[in-house]
Amino acid sequence: MAETETYDFIVVGAGSAGCVLADRLSASGRFRVLLLEAGGEDKHLWIHIPIGYGKLFTDARVNWLYQSAPEPELNNRAIMQPRGKVLGGCSSINGLLYVRGQRQDFDHWRQLGNVGWSYEDVLPYFKKSEAQARGADEFHGAGGPLAVADQVEPHEVCEAFIRAAQEIGIPRNDDFNGASQEGAGYFQTTMRNGRRWSTARAYLKRARARANLTVATHALTERVLLEGGIAVGVAYRQQGRTISARVRGEVILAAGAFGSPQILQLSGLGPAALLRQHGISVLRDIPGVGADLQDHLQARFLYRVTRPITLNDVVNRFDRKMWAGLRYVLFRKGPLAVSAGYAGGFFRTDPRLESPDVQAHVLLFSADKPGGSLHSWPGMTASICQLRPESRGWIRIKSANPSEAPEIRLNYLSTEGDKRTMVQGLQLLRRIMGAPALKPYVAEERDPGPSVSTDADLLTFVRARGTTIFHPTSSCRMGIDEAAVVDPELRVKGVGRLRLADASVMPTVVSGNTNAATIMIGEKASDLILRDAELIRTRATAA
Ligand SMILES: Cc1cc2nc3c(=O)[nH]c(=O)nc-3n(C[C@H](O)[C@H](O)[C@H](O)COP(=O)(O)OP(=O)(O)OC[C@H]3O[C@@H](n4cnc5c(N)ncnc54)[C@H](O)[C@@H]3O)c2cc1C
């Protein structure tokens with residue numbers, strides 16, 4: 001095994017959290033940082049043009065293209081699980097929506113014993129990361145690196161959706177990340193001047209100018225090197241060679257909800273029986289590694305729209321396509337500058353709930369599946385996802401080979417509560433879509449169509465067509481209970497100098513899209529790591 005030099009910090013994975021860590025840990029210039037990324041540079045044109053995200057679902061150059069194991073409650077279908085494999089990770093291929101989750105999510109994390117993770121604790125980190133185009137206020141920051149902006153222009157169908165929601169008693173909400181999440185409105189996006197603002201763009205670009213940061217791409221981390229229960233480096237594979245990099249300070253895994261538990265298991269840190277089954281020496285039996293995986297399941301209704309005002313109508317006509325391209329090039333506006341979800345909302349399926357339990361996304365295009373070809377007719381999509389699923393799944397290595405994808409099983413819909421919430425959410429969405437304000441726009445519900453109307457019918461529809469909205473989390477959960485993998489300071493329990501900082505540590509999935517909360521985790525983790533490094537330095541100087 002070839003050896004490289006010794007670093008103060010090694011960060012594994014240049015995704016939403018990893019790029020934040022690389023930037024913040026290298027900022028002072030005092031620490032040598034190595035950032036390892038299995039994917040390549042973020043050069044792909046469609047990464048940077050917002051609507052291009054639809055083209056990245058199936059592109060192996062930037063995507064791991066995982067598939068789940070057959071899902072028992074979804075008619076044994078394997079569900080596509082795209083993950084970014086490129087600088088920026090999923091923040092380079094995601095739908096660009098900027099949604100943090102609810103105050104109650106973080107207060108719940110705190111209630112579980114995670115000191116330092118209540119809403120009041122994490123709000124400063126959301127604000128620190130944010131360059132809010134509307135300016136700073138009680139809930140938003142304007143001086144951070146992550147561009148957050150309004151949709152480039154309103155759209156008549158989105159306006160009608162918001163009015164339709166109001167007609168059935170749901171308020172308009174112009175800021176899902178403000179005082180209250182509830183209501184219908186436009187999503188804000190991680191975008192500036194019509195360009196995607198991934199964490200590679202926001203954080204890594206500026207950090208790469210520093211001599212104390214080394215970024216290695218096409219570098220697949222195979223395992224963490226441990227001596228006497230302490231992380232001393234990592235082994236990674238690059239250009240056919242296995243290389244070991246040593247660390248003086250800490251190894252921080254930020255390889256995502258699938259990647260981080262996989263690396264831990266390959267390193268001998270995980271459920272003992274699973275590791276033995278694959279011939280891996282058990283360095284520490286940690287049953288929680290890969291357990292408690294969560295995700296948001298979504299079900300989508302497809303509609304034929306009365307007039308050719310959707311993206312379908314743009315991509316299917318040469319002259320409109322040219323015009324859209326021109327508008328984008330000249331003004332950074334039009335359909336190419338649109339994020340996945342345009343408008344949407346957060347609703348309560350039961351008025352007795354304290355906060356919304358479902359999220360709706362309105363997309364001004366329609367296709368048979370995410371990333372599929374758009375229909376030839378004017379079409380739109382409206383979807384529901386349940387925000388706080390009870391179902392739990394797992395990540396388990398299938399062999400000791402780091403290049404083999406792990407088994408990914410979400411166990412979607414495995415509780416009665418999850419089934420009920422999805423069905424009630426869809427019934428609510430139907431009421432909005434049938435309200436007077438949308439009548440001039442909605443010609444018909446094409447899929448599943450009005451014959452699917454009872455709760456039982458809708459459940460059958462979800463089983464047949466439900467899919468992920470790409471928010472896997474919690475596979476190396478933070479907590480103070482026995483089964484938790486990391487403590488509230490994100491240190492892997494019982495292992496020295498090893499932390500995790502990505503979506504895998506969320507105690508429970510947040511009630512919303514997961515990019516913003518993962519970036520917040522990267523910000524907070526950086527502070528925790530730098531504080532500890534400072535303490536060690538001070539002690540060493542004093543001694
Ligand atoms: C198609 C899609 C659409 C989405 N839409 C939205 C949205 O609109 N809004 C939103 O908020 N969220 C969205 N999400 C979710 C959100 O982007 C993710 O939750 C978030 O980016 C996760 O960040 P992370 O740091 O945990 O992992 P990632 O961003 O996935 O980063 C992990 C990085 O580690 C690398 N890696 C993994 N294993 C290894 C290894 N062994 N060695 C080296 N490197 C490794 C990966 O290549 C990757 O770059 C979407 C996700 C997808 C896939």
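**Helix packing and the ligand shell**

Trainee: At what angle do α1 and helix α7 (residues 199-207) pack?

Mentor: This is a predicted model, in which local features need pLDDT of at least 70 and side-chain atom pairs pLDDT 80 or more, whereas totals for chains, interfaces and linings use all residues. Residues are numbered from 1 along each chain as its sequence is written, and side-chain values use heavy atoms, without hydrogens or water. Helices (H or I, at least four residues) and strands (E, at least two) are DSSP runs numbered from the N terminus, and axes are lines fitted to C-alpha atoms, for helices over the stretch in contact, with angles from 0 to 180 degrees between N-to-C directions. The axes of α1 and α7 are 8 Å apart, and their angle is about 25°.

Trainee: Why is α1 described as it is relative to α7, and what is that description?

Mentor: The angle between α1 and α7 is about 25°. Angles under 35 degrees count as roughly parallel, over 145 as roughly antiparallel, 65 to 115 as roughly perpendicular and the rest as oblique. The packing angle therefore makes the relation of α1 to α7 roughly parallel.

Trainee: Is the crossing of α1 and α14 left-handed or right-handed?

Mentor: The axes of α1 and α14 come within 8 Å and cross at roughly 30°, which means that α1 is roughly parallel to α14. A crossing is left-handed if the near helix is turned anticlockwise from the far one by less than a right angle, and right-handed if clockwise. While α1 passes α7 in a left-handed crossing, its crossing with α14 is right-handed.

Trainee: How far is a side-chain N or O atom of Thr 514 from an oxygen atom of the ligand?

Mentor: Of the 38 residues around the ligand, Thr 514 is among those that come nearest. A polar contact is a pair of N or O atoms within 3.5 Å; within protein, one must be able to donate a hydrogen and the other to accept it, and residues adjacent in sequence count only if both atoms are side-chain atoms. A ligand oxygen is 3.0 Å from a side-chain N or O atom of Trp 64; for the side chain of Thr 514, the distance is 2.7 Å.

Note on methods. Near = heavy atom within 4 Å.
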